[in-house]
Every structure is written in structure tokens, then in C-alpha cells.
Amino acid sequence: MSESLIVNNDISKEEKYKQLLPQLRALLEGENDVVANYANTAAALKQAFGFFWVGFYIVKQDQLVLGPFQGTIACTRINHGKGVCGTAWKEQRIVIVEDVEQFPGHIACDANSRSEIVVPLFDDRKEIFAILDIDSDQLSHFDQTDAFYLQQVTQILGNKI
Ligand code: SME
């Protein structure tokens with residue numbers, strides 16, 4: 001497989017996801033190392049969309065622990081139900097935050113983050129084992145298109161750590 005990513009800039013967000021998904025599938029196929037795959041997924045999303053921060057938090061006992069990411073340094077541990085990530089974990093759903101300042105309990109790892117989407121990764125027993133967190137430095141950056149395609153990204157990653 002090729003290690004370069006081709007994503008055009010002059011196309012819609014949806015078209016970009018459609019370009020990215022098969023390349024991501026090819027990039028991850030045949031590699032079962034979780035750190036490698038999560039790291040390349042974070043890099044591919046950052047490269048394709050220029051998001052401010054893209055990364056994973058892994059469920060370890062009763063906390064989310066920072067995993068592979070692209071962006072500025074981030075908080076390493078998040079408790080169940082805390083912040084946007086902990087809320088997505090507790091409520092077992094995708095959370096889209098248009099303005100992080102309006103989200104009670106938002107954890108500000110970086111003051112430049114303005115909006116956020118968190119997509120849980122579910123295993124075969126429908127339990128969350130990790131979450132994908134993406135931050136933007138623009139307000140209202142994320143919508144149902146992101147939710148739809150990022151869910152497909154999490155499915156490419158498989159169903160366990
Ligand atoms: N803002 C997140 C914390 C993680 S950082 O954004 C990387 C939250 O409120 O859960």
C-alpha cells in the first residue's frame with residue numbers, strides 16, 4: 001500500500017470523507033497493531049481536514065486514558081461522565097459540541113479549542129472500549145455528516161483494542 005494520502009482541498013467535506021475512507025481502509029488493512037493503526041488514523045484525519053486536535057482515549061478500568069493523537073499536548077486521564085469525552089462514554093453516544101464554552105464541564109486541554117465531536121468505539125458486546133475525539137479551533141465545525149463518516153472510521157478500526 002502507498003503511504004501517501006490523496007485528499008483534494010477543493011471538494012465538499014462529504015467528498016473528502018469519501019476519498020479518505022478507502023485509503024484509510026487500505027492503510028490499516030493487514031496491520032493489527034492498535035497503536036500503529038490509531039496513530040495513522042489520527043494523522044490521516046488531521047492531514048485530510050486540518051483539524052486542530054485528533055486523537056483517541058482508551059478505556060482503562062474506570063477512566064479514559066490518552067492514546068495516539070495529533071495536536072497539542074492533552075490531558076491524560078478523564079473520568080467517566082466528565083467533560084465531552086466522559087459524557088460520550090457515559091451516555092454511549094456521539095456528542096457534538098458547537099461551542100465548548102457552553103458545554104457544562106468541558107475539559108479545556110487547549111484554550112484554542114472551540115468545538116468538538118466525540119465518537120465512541122463499541123466492541124462486539126456493545127461496550128465502549130475507546131473514543132475518538134476531534135477538536136476544532138472554529139465554532140460549530142462538526143455536524144451529522146462528520147458523525148456519519150467518523151462512525152465509519154471507527155468501524156474500520158475494528159472492535160477491540
Ligand atoms: N475537551 C475534552 C478533553 C480532551 S481534549 O479536548 C483533547 C473533553 O471535554 O472531554
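How many salt bridges does the structure hold? The structure holds four.

## Basis of the model

This is a predicted model, in which local features need pLDDT of at least 70, side-chain atom pairs count only at pLDDT 80 or more, and totals for chains, interfaces and linings use all residues. Residues are numbered from 1 along each chain as its sequence is written, and side-chain values use heavy atoms, with hydrogens and water left out.

A salt bridge here is a side-chain nitrogen of Lys or Arg within 4 Å of a carboxyl oxygen of Asp or Glu. Lys13 and Asp146 form one through their side chains, at 2.6 Å from N to O. Lys13 belongs to helix H1 (residues 13-28) and Asp146 to helix H4 (residues 144-156), so the pair ties together parts that are 133 residues apart in sequence. Helices (H or I, at least four residues) and strands (E, at least two) are DSSP runs, numbered from the N terminus.

Are the two partners buried or exposed? Buried means under 20% relative accessible area, exposed means over 50%, and partly exposed lies in between (1.4 Å probe, protein chains only). Lys13 has a relative accessible area of 25%, so Lys13 is partly exposed. Asp146 is at 0% relative accessibility, so Asp146 counts as buried.

Arg93 pairs with Glu91 in a salt bridge. Their closest N and O atoms are 2.7 Å apart. Arg93 is partly exposed, at 39% relative accessibility. Glu91 is partly exposed too, with a relative accessible area of 41%.

Arg125 pairs with Glu127. Here the closest N and O atoms are 3.7 Å apart. Arg125 counts as exposed, at 62% relative accessibility. Glu127 is partly exposed, at 42% relative accessible area. Elsewhere, salt bridges that share partners join Lys13, Asp143 and Asp146 into one network.

## Ligand shell

Which residues come nearest to the ligand? They are Val84, Cys85, Ile107, Glu116 and Asp135, out of 13 residues around the ligand. A residue counts as near if one of its heavy atoms lies within 4 Å of the molecule or strand in question. Three elements each supply at least two residues of the shell: strand E1 (53-60), helix H3 (83-91) and strand E6 (128-136). H3 gives the largest share, three residues.

Glu116 uses its side chain, with an N or O atom 3.1 Å from a ligand nitrogen. Asp135 also uses its side chain, where an N or O atom is 2.7 Å from an oxygen atom of the ligand.

Taken alone, the ligand exposes 300 Å². The protein buries 99% of that. These areas come from the Shrake-Rupley method with a 1.4 Å probe; for residues, only the protein chains shown count as cover.

## Loop residues

Ile73 sits in the loop between strand E2 (63-70) and strand E3 (77-79). Ile73 is exposed, at 73% relative accessibility. Ile73 and Val95 are 22 residues apart in sequence, and their C-alpha atoms are 22 Å apart in space. His80 lies in the loop between E3 and H3. His80 is partly exposed, at 42% relative accessibility.

Which loop holds Lys126? It is the loop between strand E5 (115-122) and E6. Lys126 is not a glycine, although its phi is positive, at about 65°. Lys126 is exposed, with a relative accessible area of 62%. Ser140 is in the loop between E6 and H4. Its phi is near 50°, a positive value in a residue other than glycine. Ser140 is partly exposed, at 43% relative accessible area.

Technical notes. A polar contact is a pair of N or O atoms within 3.5 Å; within protein, one must be able to donate a hydrogen and the other to accept it, and residues adjacent in sequence count only if both atoms are side-chain atoms.
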